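Thanks for coming. I will go through one model today, starting with a pair of helices and then moving to a pair of rings.

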Amino acid sequence: MIWVIPSLFAFLQGYGLFAELISGGQSSLVYLVGFAALLVLNWRRFGSISDRWGRRKVLLTLLALGAVAPLLPGFWTYRIFSGICAAGLAVAFASIGDRSGYENRAQNMGIVTAATLVGMMIGLFLGFVFWEKTRATIA
């Protein structure tokens with residue numbers, strides 16, 4: 001995880017949580033496992049909910065909730081809540097499967113997967129750049 005998120009430790013030091021993460025406190029477990037666990041637990045659930053309510057409604061609701069997640073109090077609350085909202089990827093993949101023909105389905109899934117991964121890489125890079133600029137202006 002250190003290599004994936006280079007600014008994580010600087011961020012945690014700013015909140016005074018670096019020592020707790022290294023010592024393996026309870027909060028570090030919530031941070032490291034909370035997002036992934038809730039993503040996995042809700043992956044299938046949102047797929048079946050979107051079958052009943054409609055993919056567009058569920059996807060837009062999860063996107064709106066994901067946009068509100070950073071406004072929630074507490075870093076751990078945000079992390080857990082964003083894990084729940086990230087499970088909306090299942091709805092996006094189901095929507096692609098519904099709209100794609102059998103011949104193009106694998107190609108379209110590959111494009112969306114690649115776009116998601118590139119977006120994560122760009123987001124991490126931009127987060128690091130803005131963190132460095134913000135830290136430089138604060139200090």
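The crossing of α4 and α5 is left-handed, meaning that the near helix is turned anticlockwise from the far one by less than a right angle, where clockwise would be right-handed. Before going on, the provenance: this is a predicted model, in which local features need pLDDT of at least 70 and side-chain atom pairs count only at pLDDT 80 or more, while totals for chains, interfaces and linings use all residues. Residues are numbered from 1 along each chain as its sequence is written, and side-chain values use heavy atoms, with hydrogens and water left out.

Helices here are DSSP runs of H or I with at least four residues, strands are E runs of at least two, and numbering starts at the N terminus. On that basis the protein has 7 helices and 0 strands.

Back to the crossing. Two packed helices are described by the angle between their axes and the distance between the axes. For α4, residues 55-68, and α5, residues 75-86, the angle is about 160° and the axes are 9 Å apart. Axes are lines fitted to C-alpha atoms, for helices over the stretch in contact, and angles run from 0 to 180 degrees between N-to-C directions. The two helices are therefore roughly antiparallel, a label for angles over 145 degrees.

Which residues make the contact? From α4 they are Leu62, Leu65 and Gly66, and from α5 Phe81, Ile84 and Cys85. Contact means heavy atoms within 4.5 Å. By class, that is 5 nonpolar, 1 polar and no charged residues; Ala, Val, Leu, Ile, Met, Phe, Trp, Tyr, Cys and Pro count as nonpolar, Asp, Glu, Lys and Arg as charged, and the others, Gly among them, as polar.

Now the rings. Rings of Phe, Tyr and Trp (its six-membered ring) pair if their centres lie within 6.5 Å, with planes under 30 degrees apart called stacked, over 60 edge-to-face and the rest tilted. The count comes to 1 aromatic pair. The centres of the Trp43 and Phe93 rings are 6.4 Å apart and the planes are at 50°, so the pair is tilted. Trp43 sits in α3, residues 26-53, and Phe93 in α6, residues 89-99, so the pair ties together parts 50 residues apart in sequence.

Buried or exposed? Phe93, at 18% relative accessibility, counts as buried, and Trp43, at 31%, as partly exposed. The cut-offs are under 20% for buried, over 50% for exposed and in between for partly exposed (1.4 Å probe, protein chains only).

Methods
Angles under 35 degrees count as roughly parallel, over 145 as roughly antiparallel, 65 to 115 as roughly perpendicular and the rest as oblique.
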